[in-house]
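Thank you all for coming; I would like to take a few minutes to walk through one model with you, and I will begin with a question once it is on the screen.

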Amino acid sequence: MNVAVGVARLGHPAQFIGRYGNDDDGRLIAEHLRANNVIDALGPDSHQTSVAIARLDPVGSASYTFDLDWDLPTVVPRLPELLAGTTLMHTGSIASMLTPGAHEVLTAVEHARPTATISYDPNCRPTIITDRDYARAQAEKFVALADIVKASDEDLEWLYPHRAAEDTAREWLAMGPCAVIVTRGSRGPWAVAASGEATVTAPVVDVADTVGAGDSFMAALLAATVQQGLDGGSRREQLRGITVEQLEQVLSFASAAAAVTVSRAGANPPNRAELKAQLGEGR
């Protein structure tokens with residue numbers, strides 16, 4: 001949902017395919033989607049809304065606990081309808097790991113891939129998926145189907161503790177994606193594609209908290225892909241040919257979005273005007 005809202009705030013049509021219940025938390029989600037012009041594909045169901053509780057440490061870094069119900073039994077029969085006209089599909093984190101819903105998400109990705117760019121963010125939650133071997137195998141299923149992969153260095157170092165995050169990204173690139181991006185906190189993001197490797201400096205901002213920073217980065221990464229005309233299954237080879245210069249532009253755009261988000265409380269991604277202002281301050 002955070003990624004869908006971030007994409008919509010940057011001026012691109014977006015829909016959210018996920019579940020929430022007909023309860024107070026679910027009504028907050030529905031209103032948040034409406035307020036940000038995100039199409040709500042499924043609406044509420046009869047189960048309790050899943051809840052994540054974020055706790056901040058003294059410097060604003062968040063840790064999470066979860067109460068989850070993840071299943072999408074009505075989605076698979078409706079995929080032709082739900083994904084009609086879709087040129088980019090994003091998934092990741094708990095959605096791609098926690099069963100039974102993860103199986104349905106994988107089916108949706110397989111259905112979308114011929115016509116849509118697929119993006120994936122493992123966004124690992126070791127407190128929920130504790131089996132590292134399972135998590136690694138599940139992540140690799142999605143990496144093999146993805147065109148754009150974004151992961152934090154912490155994600156990759158948890159999944160593959162025997163090697164550096166950048167080395168894992170290079171290994172993942174060989175599995176089929178067009179580009180693999182690694183976020184590295186204050187060190188700035190790094191990316192690898194067939195054309196080479198790119199990195200940019202992270203903007204310097206006063207951090208309120210880190211909630212939603214990765215999702216804002218992901219949303220802007222996807223918006224930049226659309227703005228460069230590289231979305232859609234028919235443009236897969238064009239995306240595979242992305243240049244180092246284009247990668248640097250995309251990384252700068254996404255880093256600026258994340259910088260806006262960490263500068264204020266909560267998962268509150270920037271709109272286009274705010275992002276332009278942040279980019280202007282960085283030049």
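Which residues does F253 touch, if we do not count residues up to four places away in sequence? Please keep in mind, as you look, that this is a predicted model. On that basis, F253 touches L10, A220, A223, A224 and Q227, and it also touches L275 and L279, again leaving out residues up to four places away in sequence.

That list leads us into the core. The largest nonpolar core has 43 residues, and among these I181, L221 and F253 touch the most other members. The elements that contribute two or more residues to this core are the helices α1 (2-9), α2 (24-35), α8 (213-227), α10 (244-262) and α11 (272-281), together with the strands β8 (179-183) and β9 (190-193). There is also a second, separate core of 42 residues, and A41, L159, W172 and W190 are included in it.

For α8 and α10, the axes come within 8 Å and cross at roughly 145°, and the crossing is right-handed. On the α8 side the contact is made by A213, S216, F217, A220, L221, A223, A224 and Q227, while α10 brings V250, L251, F253, A254, S255, A257, A258, T261 and V262. Sorted by class, this contact has 13 nonpolar and four polar residues, with no charged residues.

The second pair is α4 (residues 101-112) and α5 (residues 132-145), whose axes come within 10 Å and cross at roughly 15°. With angles under 35 degrees counted as roughly parallel, α4 and α5 are therefore roughly parallel to each other, and their crossing is left-handed. The contact is made by A102, V105, L106, V109 and E110 of α4, and by Q138, K141, F142 and L145 of α5. Here the residues divide into six nonpolar, one polar and two charged.

Finally, I would like to point out T99, which lies in the loop between β5 (88-92) and α4. Is T99 buried, exposed or partly exposed? Its relative accessibility is 43%, so T99 counts as partly exposed. Leaving aside neighbours within four places in sequence, T99 is in contact with W70 and Y134. The C-alpha atoms of T99 and E274 are separated by 38 Å, and these two residues are 175 residues apart along the chain.

How values were computed. Residues numbered from 1 in each chain as written. Predicted model: local features only at pLDDT ≥ 70, side-chain atom pairs only at ≥ 80, totals over all residues. Heavy atoms only, no water. Axes fitted to C-alpha atoms, helices over the stretch in contact; angles between N-to-C directions. Helix = DSSP H or I, 4+ residues; strand = E, 2+ residues; numbered from the N terminus. Parallel < 35°, antiparallel > 145°, perpendicular 65-115°, else oblique. Left-handed = near helix turned anticlockwise from the far one by under 90°. Contact = heavy atoms within 4.5 Å. Nonpolar A, V, L, I, M, F, W, Y, C, P; charged D, E, K, R; others polar. Core = buried A, V, L, I, M, F, W, Y, C linked by side-chain atoms within 4.5 Å. Buried < 20%, exposed > 50% of the residue type's maximum accessible area, 1.4 Å probe, protein only.
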